[in-house]
Amino acid sequence: MTALVYGFAVAGASTARALRARGVDVIAVDDDPTDARRNQAEDLEVELLPTPTEEQLDRLVGSCDLVCPAPGVPETHAVIDAARRHGVDLASEIELAYRWEQDRAGGPRPMLAITGTDGKTTTTLLTVEMLRAGGVRTIDAGNTDTPLVDAIDLDVDAFVVECTSFRLAWTPTFRAEAAAWLNLAPDHLNWHTSMASYEAAKSRIFANQRADDTSIGLATDPVVVRHLEASPARHVTFGLDRGDYRRSTAGGRDVLTGPRGTLADVGAMRRALPHDITNALAASALVIESGLVGDDAIGTALSTFVGPRHRLEHLAEIDGVAWYNDSKATTPHAASAAIRSFRGIVLIAGGYDKGVDLSPMAAERDRVDAVIAIGHTGPALAAVFDGVDRVEVVDRLDEAVELAARITSPGQTVLLSPGCASFDHYTGFEARGDHFRALVDALRSQSLRPVAPQSDPGDRT
């Protein structure tokens with residue numbers, strides 16, 4: 001058997017390594033074959049080719065039994081068209097891992113899966129914490145630091161798989177015992193051919209489930225509900241104030257409730273913004289409906305869970321102004337959720353254009369006192385927020401932070417919630433968020449610096 005791995009960054013290299021370990025001949029192609037990638041391919045005894053011509057690619061795909069596109073390879077790429085034309089099996093890394101796990105000695109271990117435009121990472125990590133609180137050895141895999149093809153070689157009891165549309169698009173058999181779809185909003189239209197294609201990829205999370213599996217969906221998202229109702233599995237809903245898992249009141253306090261009653265006090269959560277609550281409800285549904293842990297694990301996990309960096313991360317309070325890093329908000333939908341969490345906002349937003357409508361970010365513009373728009377989408381965002389008291393366009397993040405520091409007053413919140421990807425200036429949202437943190441740290445240091453005493457005018461001669 002021969003497999004073509006297209007793209008040789010983290011997921012691609014892990015896929016090639018896993019294939020080689022299982023005796024598969026691997027040919028790799030990368031459109032940006034750096035020295036580090038060449039060295040890694042050489043260590044794996046894999047031939048790494050640069051971008052082939054259309055004719056070369058056609059011959060290459062036709063000679064292979066399997067094509068494994070890395071997540072960064074869009075469905076518009078020539079390799080996808082060639083694989084479809086030749087009828088060659090297309091499989092993402094989570095699809096391969098699922099197939100191999102089915103053949104595991106001792107039987108396959110449970111998989112819980114999460115997808116959605118926003119909230120995937122936090123819900124994945126929270127699900128992991130709930131399972132661990134209940135004594136289940138687990139790991140977050142897929143769109144994380146650990147591809148699922150690597151995770152299945154670990155000594156764990158279950159997997160929590162963060163599923164992007166990039167990975168779900170090529171999953172003819174992938175299945176999770178419990179799968180949650182958090183929401184859907186326009187995104188990645190530079191990767192997918194259309195919004196319909198993006199939606200179809202997301203819907204794969206329910207497609208292969210069985211009657212005794214559980215499909216979990218957001219009760220207030222009509223697209224998610226439509227796919228939930230078509231799922232072959234049991235249907236479970238969650239939502240802030242409606243759904244099988246929801247927020248309610250008991251004894252005068254806000255609680256998270258499920259079909260069996262109270263799960264945990266909202267007051268026990270380290271942070272309880274609306275999206276924090278819906279993420280917690282989705283994670284609760286996953287661990288309970290899968291039967292992996294009991295209710296007690298939920299309260300234990302929620303009382304200690306600290307969200308990941310770059311997701312509404314409070315950085316500092318400087319001269320009465322709060323500074324928040326929400327660099328992970330790479331969609332207008334995610335930025336809107338952050339904006340709904342505060343008032344008196346000085347918003348820093350903008351970045352790489354993914355071809356989506358930015359107007360949802362301005363749905364609650366009354367919460368925004370000023371907008372500092374940056375990057376490629378800066379002018380477009382300025383137009384979207386027309387009517388806000390102050391709208392400025394700058395090129396770089398450091399300029400935005402400097403301006404925000406000048407124009408804010410005590411009681412306001414500076415919020416970096418870009419609503420766009422970072423690739424116009426950074427390698428990823430993490431690099432953008434780290435840069436923002438460093439800039440805010442420098443501001444805080446400057447604020448704490450003692451002021452040099454002024455000489456008395458009477459001392460001058």
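Mentor: Let us start with a word we will need: two residues are in contact when they have heavy atoms within 4.5 Å. Keep in mind, too, that this is a predicted model.

Trainee: Good, let me try that word out. Which residues does Leu96 touch, not counting residues up to four places away in sequence?

Mentor: Leu96 touches Thr15, Leu19, Leu66, Cys68, Ala91 and Val149.

Trainee: How should I read a group of nonpolar residues like that?

Mentor: In soluble globular proteins, nonpolar side chains tend to be buried together. Here, the largest nonpolar core has 45 residues, and those touching the most other members are Phe8, Leu19, Leu96, Leu148, Phe159 and Phe174. Helix H5 (residues 93-102) gives this core its largest share, five residues.

Trainee: What does the second, separate core include?

Mentor: That core has 37 residues, among them Val236, Ile298, Ala301 and Phe305.

Trainee: Now for helix packing. How do I describe a pair of helices?

Mentor: Two packed helices are described by the angle between their axes and the distance between the axes. Take helix H6 (residues 120-133) and helix H12 (residues 296-304): their axes come within 8 Å and cross at roughly 125 degrees. H6 and H12 are therefore oblique to each other, and their crossing is right-handed.

Trainee: Which residues of H6 and H12 make the contact?

Mentor: From H6 come Leu126, Glu129, Met130 and Ala133, and from H12 come Ala297, Ile298, Thr300, Ala301 and Leu302. By type, the residues of this contact are seven nonpolar, one polar and one charged.

Trainee: Let me pick one of them. Is Ala297 buried or exposed?

Mentor: Buried means under 20% relative accessible area. Ala297 has a relative accessible area of 6%, so it is buried. This residue lies in helix H12, and leaving aside neighbours within four places in sequence, Ala297 is in contact with Met130, Ala133 and Gly134.

Trainee: What about a loop residue? Why does Thr330 count as buried?

Mentor: Thr330 lies in the loop between strand S16 (321-325) and helix H13 (332-339). Its relative accessibility is 17%, so Thr330 counts as buried. Not counting residues up to four places away in sequence, Thr330 touches Asp187, Lys354, Gly419, Cys420, Ala421, Phe429 and Arg432.

Technical notes: Residues are numbered from 1 along each chain as its sequence is written. This is a predicted model: local features need pLDDT of at least 70, side-chain atom pairs count only at pLDDT 80 or more; totals for chains, interfaces and linings use all residues. Side-chain values use heavy atoms; hydrogens and water are left out. Axes are lines fitted to C-alpha atoms, for helices over the stretch in contact, and angles run from 0 to 180 degrees between N-to-C directions. Helices (H or I, at least four residues) and strands (E, at least two) are DSSP runs, numbered from the N terminus. Angles under 35 degrees count as roughly parallel, over 145 as roughly antiparallel, 65 to 115 as roughly perpendicular and the rest as oblique. A crossing is left-handed if the near helix is turned anticlockwise from the far one by less than a right angle, and right-handed if clockwise. Ala, Val, Leu, Ile, Met, Phe, Trp, Tyr, Cys and Pro count as nonpolar, Asp, Glu, Lys and Arg as charged, and the others, Gly among them, as polar. A nonpolar core is a set of buried Ala, Val, Leu, Ile, Met, Phe, Trp, Tyr and Cys residues joined through side-chain atoms within 4.5 Å. Buried means under 20% relative accessible area, exposed over 50%, partly exposed in between (1.4 Å probe, protein chains only).
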